[in-house]
Amino acid sequence: ADAAPLLQLRGVETFYGKIQALKGIDIDVNSGEIVTLIGANGAGKSTTMMTIFGAPRARRGRVVFDGKDITALPTHLIARLSIAQSPEGRRIFPRMTVFENLQMGASINNFAHFDEDLERVFTLFPRLKERAPQRGGTLSGGEQQMLAIARALMSRPRLLMLDEPSLGLAPLVVKQIFEVIADLNKREGLTVFLVEQNAFHALKLAHRGYVMVNGLVTMQGTGAELLARPEVRAAYLEGG
Ligand code: ATP
């Protein structure tokens, strides 16, 4: 049973009306891994992440989490299975304080271990502790991204899904955020599914990666293997 992936996508097809965004994709995320999904704008990366959450729902294929078929499960029940996400555009609550944003994250598991988890995210992101009483909307882009990740962590996820955490951030901030993700994975074995356009950083961080083109997975391998492939370098690394 140990060998079964924590998350498994099989033949997943997702549509927006008549537009087919996912054309039958297979992805595995094993417990304790960082897995990244890279690809150009519009390839279907965000749709993949959202389909795991059931919004939009896969029209064909299966999404299996921890051995349970969640393809047809309502989104709020999927969240209760300990899958947390930090969506693209770091949708924090701008009018709520940093502290209140973190409370929202903890509400998913009814504030079990709240003090302990708050301490943990403040240790990971000391800036958030300094800014706890401040409204989310007044934070810098990097701090908002940290808050989005911290909020997700407050629910003690078994799977953390991140959609383009590097988007619009300065290289130094990207480095900091990726270091925290690597650290969480190493120290706590946190399983991470990372959707990224920043292929270089993502493949350096990830144990394994998938390349997506136009709704299909076209390549997969370890992060190092994909980084070394000429097609990957040409399409996603050079000049990017
Ligand atoms: P990005 O990095 O820009 O977010 P992506 O790889 O995440 O790109 P998706 O956002 O998943 O790609 O989009 C996949 C395809 O589905 C694109 O062709 C896009 O235009 C289309 N699409 C996405 N959202 C919708 C929607 N709400 N309605 C219709 N088509 C959509």
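In this predicted model, Arg208 forms a salt bridge with Glu33, and their closest N and O atoms are 2.6 Å apart. Arg208 belongs to strand E9 (residues 208-213), whereas Glu33 sits in the loop between E2 and strand E3 (34-39), so the pair ties together parts that are 175 residues apart in sequence. Both Arg208 and Glu33 are buried. Side chains of opposite charge can pair when their charged atoms come close.

A search of the whole structure finds 14 salt bridges. One of these joins Arg156 to Glu116, with the closest N and O atoms 3.0 Å apart. This pair links distant parts of the chain, 40 residues apart: Arg156 lies in the loop between helix H6 (141-153) and strand E7 (159-163), and Glu116 lies in helix H4 (residues 114-124). Arg156 has a relative accessibility of 32% and therefore counts as partly exposed, while Glu116, with a relative accessible area of 52%, is exposed.

Helix H4 also contributes Glu119, whose partner Lys129 lies in helix H5 (residues 126-130). The side chains of Lys129 and Glu119 meet in a salt bridge of 4.0 Å, N to O, so the pair ties together parts that are ten residues apart in sequence. Lys129 is partly exposed at 46% relative accessible area, and Glu119 is partly exposed at 43%. Elsewhere, Arg127, Glu130, Arg131 and Glu143 are linked in a network of salt bridges.

The description now turns to the ligand. It is surrounded by 13 residues, of which the closest are Asn41, Gly42, Lys45, Ser46 and Thr47. This shell divides into four nonpolar, six polar and three charged residues. Asn41 places a polar side-chain atom 2.4 Å from an oxygen atom of the ligand. For Lys45, a backbone N or O atom lies 2.8 Å from an oxygen atom of the ligand, and for Glu164, a polar side-chain atom lies 2.9 Å from an oxygen atom of the ligand. Taken alone, the ligand exposes 620 Å², and the protein buries 63% of that.

Helix H1 (residues 45-52) supplies three residues, the largest share of the shell around the ligand. H1 is mostly covered, with seven of its eight residues buried; among them are Lys45, Ser46 and Thr47. Just after H1, Gly54 takes a positive phi of about 80°.

Ile19 is found in strand E2 (residues 19-29). Ile19 counts as exposed because its relative accessible area is 58%.

Notes
Residues are numbered from 1 along each chain as its sequence is written. This is a predicted model: local features need pLDDT of at least 70, side-chain atom pairs count only at pLDDT 80 or more; totals for chains, interfaces and linings use all residues. Side-chain values use heavy atoms; hydrogens and water are left out. Helices (H or I, at least four residues) and strands (E, at least two) are DSSP runs, numbered from the N terminus. Buried means under 20% relative accessible area, exposed over 50%, partly exposed in between (1.4 Å probe, protein chains only). A residue is near a molecule or strand if one of its heavy atoms lies within 4 Å of it. A polar contact is a pair of N or O atoms within 3.5 Å; within protein, one must be able to donate a hydrogen and the other to accept it, and residues adjacent in sequence count only if both atoms are side-chain atoms. Accessible areas come from the Shrake-Rupley method with a 1.4 Å probe; for residues, only the protein chains shown count as cover. Ala, Val, Leu, Ile, Met, Phe, Trp, Tyr, Cys and Pro count as nonpolar, Asp, Glu, Lys and Arg as charged, and the others, Gly among them, as polar.
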